[in-house]
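Visitor: I'm new to reading protein models, and I'd like to know where the labels come from. Could you walk me through this one?

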Amino acid sequence: MASVKLTNVKKVYDKNVVAVHDFNLEINDKEFVVFVGPSGCGKSTTLRMIAGLEEISEGTVEIDGEVVNDLQPKDRGIAMVFQNYALYPHMTVYDNIAFSLRLKKTPEDVIYDKVTKAAETLGITEYLMRKPRALSGGQRQRVAIGRAMVRDSKVFLMDEPLSNLDAKLRNQMRAEIILLRQKLDTTFIYVTHDQTEAMTLADRIVIMKDGYIMQVGSPDEVFDMPDNLFVAEFIGAPKMNIIKTELLCEDGRYYVTPFGAKIAVDGDKGEMLSKRGIKAGPVLLGVRPEHIGLSEKSENSIPCTLVVDEMMGSELHLHVDTEDGTRLIVRVPTIDIGKEERKALVAGAKLYITFGGKAMHLFNPETEKNLLT
Amino acid sequence: MSKNRGSNTGGSRIGSLLKEYSDAGYLRLSKLQKFIYKILRFFCSIPRAVGGFFVKLGRIVKKAAISLADNIKDIGATFVHGDWKTKTSFFIMGFGNIARGQVLRGILFLLFEIVFIVYMITAGGYWLSMLPSLGKQGPEQGYDPVLDTYTTLYHDNSFKILLYGVLTIFFIIALIYTWRLNVEQNKLAEKYLKDGKKLKSDKEDLRSMVDENFYKTLLALPLTGILVFTVMPIVFMILVAFTNYDGAHNGFSNNLFTWVGLDNFNTLLSWQSAGGGQSYSATFGEILAWTLIWAFLATFTNYFLGMFVAMMINKRGIKLKKMWRTILVMTVAIPQFISLLYVSKMFAKNGLINLTLKDTLGWISQPLPFWDDPTWARVTVILINVWIGIPYLMLITTGILMNIPADLYESARIDGANAWQQYTKITLPYMLFITGPYLLTSFTGNMNNFNVIYLLTGGAPTNPKASGAAGSVGYTDLLITWLFKITTGAESQYYLASVVGIMVFVVVALISLIVYNVLPSIKNEEDFQ
Amino acid sequence: MSKSNKHHMGIRTLNRVSNGAIYTLLAIISIIWLIPFVFIVLQSFRVENTYQVGYVIPQQWGFQNYINLWNSDFKRWYLNTFIIALAAAVLQTVIVLCMSYTLSRFRFKLRGPLMRFMLILGMFPGMLTMIILYRVLADLGLTQANAVPGLILVSVASSGMGYYVSKGFFDTIPKSLDEAARVDGATRLQVLTKIILPLAKPIVIYTILTAFMGPWGDYVFARYVAFGTSSGYNVAVGMYSWLTNDQIDRMYTTFCAGGVIVALPVTILFLCLQKYYVEGVTGGAVKG
């Protein structure tokens, strides 16, 4: 139970490869923070620097107010769950979980209590005498978590703990991690490349790219107000449609003109634009697939051709090409489409799509920064 | 930096004389054209590789010079800005450590300094001062006042002077390094204390030896062994190549030996005939040529035949796989000197094979000259080496063959490849790729394969032309067995052995360098075929 | 249907023919490989002549050659070799494991240069160092009659250079196991003893086995160090002297008997631990 503070943390490999640039973050006590980003963005490196498995090239890491740069991993009061579980293959599940306690010379009866309690929590009591080899992926993952649980650590680190599991198991374990978090009530730092995991688990998300922090914020914030194009595209699935277009300003009202249509930027967003005195000009327009709807032909609709339709069950993902060949994705609830309409949705069908001003995200085409933040 | 760029472009300019094809252009070439193109590219890449080597060398030298300058500057700055503890440590090593509470480190430093000073006064100074001359006074007949007789009086000992001279130089280098470490530690300690941090206590120091500094603990023993029993002897022997150390100048009981500069290299590489026979260089050339031929044949016959046997055993449907393998593997276990010596005698003039053919079966009237005719001997050696080597190669290749993904073969079969095509297009490239480094070590290992040659033939049959001043030389002698013969022969020309040893090193290093640097690039090109 | 069936039959007969050829070839190979060893055993029981003859099966069987062995210096050589092999097996294994574990697991500043340096050192013919090592050992009094400790010292001292195979094995043990253990509170030493060594059993056995087998065949250095003093010989040097031109006619069959006595224990040990040997050898070649 502790705060973690990273100040100007930097990781340099071999004098020229910089994995993490100037990382600044304060993680509060009992907060669940997720580092997310594509592979090679430095998220794991950052986590491993907190753990003490990787040397910190510059800057300081503090846990509970104490600078831990020079401390060995075991002295930092952390527990860690590894991506490939890192279970000791020659030890039984019981010995695996008990390993850290034995190193601390804990009395065996205390170890027994702690291990069985953790096993019970995780539902692996019946496997305690097995070797990791004889366990399924999900069971191994639980053992790995159990091993971290019994350490009673101040900070719980998890490095892509679910990425070796299949999709179904991953969803199940994700829910269990939320429960675990409620039970353990400690500080969590969780690394993943999967934005869904990040969104569902985090109090705060740290989105990283090429060693830089792109945005820090709650799931709502990063989804509704992405700081930049990268975050906008990274968060949300299917990913946000990005359209190169012009921003017009007529009589104090703003319009965008995607593919010849003219759509007003209304509501809050319009107000904010005028408040900031944004000038007309080229702009990158981002619209999430679920914010695009099918419509009749009109002045503010865009004609396009259906290329592929993916039936996802509750919703339909339509991949459409506009007249200039730009591929957009439209996500419509299945329930909104009638039987006849559904039949007409075949490759080559002509459609009209549109979206409202509230759904728009506008980015500066050069800096790729959100015009509104 | 700008200099480097200059030579780089120089290399690529030569390279660009040959038209570089784009991927698509290359793919449209015929097989022959591709082949020629690759060879040309290879030769074009040589200047760049050589240039690159020198650029790298230059960079290393520059880096070393800069770091030396930085070090000196840092030492000066430490002295100027340091407190009195640090300043004292410049003269009394470890003083700062002790004064700041790190007693253990301090005592070790101090101990090292004391040992060094005592050694230099009692012995090191003498060895070092004698090193340029390797001794002034050889043994002489004289009056021994202790024994009260006339006897041989021994004075300087060139061998010991060289040996302990080298050791002393090692010791001095170690002292300089330790002294630098001592200065550095003082500087760091001062900074730590100024920053309000605590220094490591002795207890923490000790504990770190099994934790973050565990590697130092682990390496201490192995590296000391290597330093004393490999590095030092090699340095010593390289130095011997510049002396006239031999049986007649053993530096102790007959004559002292002394520095002769590059004379020995001149002797080995000159065309002048030596001691009535042909020149050293001709002998050296002959032996080197056979060594390379031998290494090549020994490596590749074993490799391909071993792979062949492994594939036979691995073939689906062949039963008793384990038995076949065990039969062959058993022969690996039997110490080589038994099997080699036994087989060597089997093939001797009056050995089992000749006697059987001549007396028992009566097929021949004269014994077959297995070890008496140069060509027979060379072929027999290679064949017996196959006998020795196949089980080993069979083992190695079996493991790798089983690791080739089965779906590669399945897909090739569906594509219509027959067994031979499967072998040349899948098995062989895969094997060569995986075992490339092994082939290189195996090649250099065979170049120095003392056991097989020495135990089988001892170098025989004798090459009368080459034998002479360089001792007895045989047609199957490798450089390494020649080296052995030189040192154990009547004249014990250690200086010559050491020159030959250096030559072996040069050849091995050259081959390794070429293979390491050139092979991968060729391989990459092959990848897109 | 019938056509495809016919084709199927074709493959089958072809297979049978090629398999038959392979069996024949394998049988021939096995015979060629085993024959010399069978011959050694047979000739070691031959009583009628002590020199090479043109037949293999003894006309008169007996243990005379083994009795000769017992009465010669062979006992001493055998003991020498056994002691060296035992010492090498223990010490060499420790050193090789220290070296390879370190180079596999620790990333320190001099790691790269160190490995490159050892690669270059390995390119010098080891024989070159014999001359000086002999003189140094002679100064220490570890030659001739005292050759055994000298040989142990020399064979163990530089064994750290042969770290490749076991480093290759250590490299295959996931590093995250070390990291997990370190987070769990283990020191590096504990990581080695509690995690890595239990998992490295195959390579430990391989290292012990090869270290033990090496001295049985070591000829050149042993000859150099013990030259001229029979009590300091190992089996290779001693038995080599039996096959020189002036001895061979008296000692040939004794040599065969000696060969059997030397090869037997090593071969049995080897066959028992074959699995580990194969694992080590294959891994080593792949890792390069």
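Visitor: Where is the place of A:Phe259 in chain A?

Guide: A:Phe259 sits in the loop between strand 12 (253–256) and strand 13 (263–265) of chain A. Helices (H or I, at least four residues) and strands (E, at least two) are DSSP runs, numbered from the N terminus. This is a predicted model, where local features need pLDDT of at least 70, side-chain atom pairs count only at pLDDT 80 or more, and totals for chains, interfaces and linings use all residues. Residues are numbered from 1 along each chain as its sequence is written, and chains are lettered from A and ligands numbered from 1 in the order in which they are written.

Visitor: Why is A:Phe259 called partly exposed?

Guide: A residue is buried if 20 or more other C-beta atoms lie within 10 Å of its own, exposed if 12 or fewer, and partly exposed in between, with C-beta atoms placed from the backbone. A:Phe259 has 16 other C-beta atoms within 10 Å, so it counts as partly exposed.

Visitor: And what makes its phi worth a remark?

Guide: Most residues other than glycine have a negative phi. A:Phe259 is not a glycine, yet its phi is positive, about 50 degrees.

Visitor: What is the peptide bond from A:Ala237 to A:Pro238 called?

Guide: That one is cis, with omega near -5 degrees. Most peptide bonds are trans. A:Pro238 lies in the loop between helix 8 (229–234) and strand 11 (241–250) of chain A.

Visitor: What makes strand 13 and strand 20 of chain A edge strands?

Guide: Start with the sheet: five strands form an open sheet in the order 13-12-11-14-20 in chain A, with antiparallel pairing. Two strands pair if DSSP finds at least two bridges between them. Strand 13 and strand 20 (360–363) of chain A each have a single partner strand, so one side of each is left without a neighbour in the sheet. On average, neighbouring strands of this sheet are turned by 40 degrees against each other, direction ignored.

Visitor: How do you know that strand 14 and strand 20 of chain A pair?

Guide: Strand 14 (residues 281–287) of chain A and strand 20 of chain A share four bridges in the antiparallel sense, and the requirement is at least two. Within that pairing, A:Leu284 stands opposite A:Phe363 in strand 20 of chain A.

Visitor: What order do the strands have in the open sheet of four strands in chain A?

Guide: The order is 2-1-4-5, again with antiparallel pairing. Strand 2 and strand 5 (66–67) of chain A are the edge strands, pairing on one side only. Strand 4 (residues 58–63) and strand 5 of chain A are joined by two bridges, and A:Glu62 has A:Val67 in strand 5 of chain A as its bridge partner.

Visitor: How many bridges join strand 1 and strand 2 of chain A?

Guide: Seven bridges join strand 1 (residues 4–13) of chain A to strand 2 (residues 17–27) of chain A, and these strands run antiparallel. A:Lys5 stands opposite A:Glu26 in strand 2 of chain A. Strand 1 and strand 2 of chain A form a hairpin with three residues between them, and A:Asp14 in the turn has a positive phi of about 50 degrees.

Visitor: How many residues of chain A count as buried?

Guide: Of its 373 residues, 40% count as buried. Chain A has ten helices and 20 strands.

Visitor: How much confidence does the predictor have in chain A?

Guide: pLDDT is the predictor's confidence in each residue, from 0 to 100. The mean pLDDT of chain A is 89, and 100% of its residues reach 70 or more. Among the elements of chain A, helix 9 (residues 267–276) has the lowest mean pLDDT (82) and strand 3 (residues 32–36) the highest (95).

Note on methods: Axes fitted to C-alpha atoms, helices over the stretch in contact; angles between N-to-C directions.
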